[in-house]
Every structure is written in C-alpha cells, then in structure tokens.
Amino acid sequence: MWTSVGWRARYRRVVRSSFATVPFYRERWALSGRTDPVVVSGRFGDDGGAVPVARIAGRLPELVPLAGGRADVDPVRGLGTVLRPPAGSLVVMVGALPPMDLPEGVRCAVVEPSEESVVDFTAPSVIAVGAPKDLARLANALPEHVRQVPLVAIDELADVDTGLIADDVLGILGDRRDCGQWHLDWQRVYARATPLGLAFTLLRQQSPRLVDVVPVEGARGAVASCPRHGSPVIVP
C-alpha cells in the first residue's frame, strides 16, 4: 500500500546510497551539497538537488555504482509493469525498442511506423505501443480490435487523454488510468517538485543510477494523490 511517508523514505534511501557509491552524485553533492534531504551539512546545493538530463549526457559511466553495473539507459524500462498486458497478448512496438520486462506468456513484435508493416494480429489481445505520430502512420494497417497505447512525453500530458508516461532516459514512468489521472508507477518511480520542474528518481534501478533527473523539456505540473486510488499522480 502506498503512503507518502513510506514513498519518501524509499527515496531518501536511494539518495543516501547514491551519495555513498555513485561517482557522479558523490562529486556533485560533495562539492555543492543538495537539499531534500541535505546530505552534506552546511551545503544546500543547486536547484533543490535536481539534475537536468543534459548534465548526465556523456557521463553515464559515472552513474554506475562502485560495485559495477550497466551504463546504458532503457527508453522502455518498466513498460511490462505499467502496461500490464494479459497472458497470451501480443505487444507490437511501433518504431520503438522491445521491452525487457514483459510478463511470461506475452509475445512482442517490433515494426517500423509504415503502412507496409506486416504483423500477425491473430493473438487474443493485441496492443500496439509507440509515439503518437508513429501509431498514426500505422493506423490503416491496424485491425479495429488492436488497442493503441501512445507513449506520451511528460510535457505533453495536458494535451492527451490516454497512454503511458514515457521519457527516453527514464523509461516508462506511469500511465493514464480510468479515473482520468496520470498515475506514477510509484513502486519504481519517485517524483517531486523542484525549481526546474518535476524531478524523477528510479527507486529500483541499480545501474545506471538516476536520481532527481529532470527531463529534457522540463516537466511542468505537480505531484498529488489520486482521490479514487490514493496513490501518487502527476497533475499537468
């Protein structure tokens, strides 16, 4: 069950671990400190501790903990968890990489966003996932029973009413539920307001460690609690 206190406690553990073991954060926070929480007494950091994604461009190896790990990002990290496809489904990734975390029993196909793409749509449930423009290009080739799920950038949430919250560096952060709210994948993602906009932390990814990262276009909005589900949502 989600609680704001427990969610924040998990975030603080990731911050402390990152300060202790990740070269990028050890350097950044030791030199200038940070806020929320303060990890170096007397040093309060810049931008509330937020890290613009441009700051980590070309420095991904420095986001690997001292114990080792991967240094590449996964733009569809978390898709299987957030999409929740039923067993026997076919997930068609349109102009996107195949996800690494689909549930057992779910197949995946990757196609280019053109009407000439040919896919076997005979699965009981077919879900097409991709950028809105790519799904639109493939629309005439998709049977009516195919569920289309757009990947929506964080700065575009106010303009669409369905899809998954996606970022090229952070991966899949949440989805739009039937309550009409943009829900965060709170077990794996933490979000908070900073002077640069919303900053996101991946709570379970060990490497590369992504803490308080602000997307390339910024992320306007606020974090609130869904009145129906009682879990965190982004209000654009």
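This is a predicted model: local features need pLDDT of at least 70, side-chain atom pairs count only at pLDDT 80 or more; totals for chains, interfaces and linings use all residues.
Trainee: Why is D185 called buried?

Mentor: Its relative accessibility is 10%. Buried means under 20%, so D185 counts as buried.

Trainee: Where is D185 found, and which residues does D185 touch, leaving out those up to four places away in sequence?

Mentor: D185 sits in the loop between β8 and β9. With residues up to four places away in sequence left out, D185 touches T81, V82, L173 and G174.

Trainee: What makes the pair D185 and R188 a salt bridge?

Mentor: The closest N and O atoms of the two are 3.4 Å apart. The cut-off is a side-chain nitrogen of Lys or Arg within 4 Å of a carboxyl oxygen of Asp or Glu, so D185 and R188 form a salt bridge. R188 is buried, as is D185.

Trainee: How many salt bridges does a search of the whole structure find?

Mentor: The search finds 10. Some salt bridges are linked in a network, which joins E27, R59 and E62.

Trainee: Why is A131 called partly exposed?

Mentor: A131 has 23% relative accessibility. Buried would need under 20% and exposed over 50%, so A131 counts as partly exposed. A131 is found in the loop between β4 (126–130) and α5. The C-alpha atoms of A131 and V149 are separated by 8.6 Å, and the two are 18 residues apart along the chain.

Trainee: What makes a set of residues a nonpolar core?

Mentor: The members must be buried, belong to a list of residue types such as Leu, Phe and Tyr, and be joined through side-chain atoms within 4.5 Å. The largest nonpolar core here has 33 residues, and Y25, L173 and F200 touch the most other members. Among the elements that supply at least two residues of this core are α1 (4–21), α2 (23–32) and β10 (197–202). Helix α1 gives the most, with 4 residues. Apart from this core lies another, of 16 residues, including V82, M93, I127 and L164.

Trainee: Which residues does Y25 touch, not counting those up to four places away in sequence?

Mentor: Among them are S18, F19, A30, V51 and L63.

Trainee: How many residues line the largest pocket, and which lie nearest its centre?

Mentor: The lining has 26 residues, and L151, A153, A166, D167 and D168 lie nearest the centre. Two or more residues of the lining come from each of α5 (132–138), β5 (147–153) and β6 (164–167). The lining divides into 16 nonpolar, 3 polar and 7 charged residues. The space in the largest pocket is about 460 Å³.

Methods:
Residues are numbered from 1 along each chain as its sequence is written. Side-chain values use heavy atoms; hydrogens and water are left out. On a 1 Å grid over the protein atoms alone, a cavity is a set of points where a 1.4 Å probe fits but cannot get out, and a pocket is an open set with protein on both sides within 12 Å along at least five of seven lines; lining residues have an atom within 4 Å of a point. Grid points are joined across faces, edges and corners, and a volume is the space filled by probe spheres set on the points. Ala, Val, Leu, Ile, Met, Phe, Trp, Tyr, Cys and Pro count as nonpolar, Asp, Glu, Lys and Arg as charged, and the others, Gly among them, as polar. Buried means under 20% relative accessible area, exposed over 50%, partly exposed in between (1.4 Å probe, protein chains only). Contact means heavy atoms within 4.5 Å.
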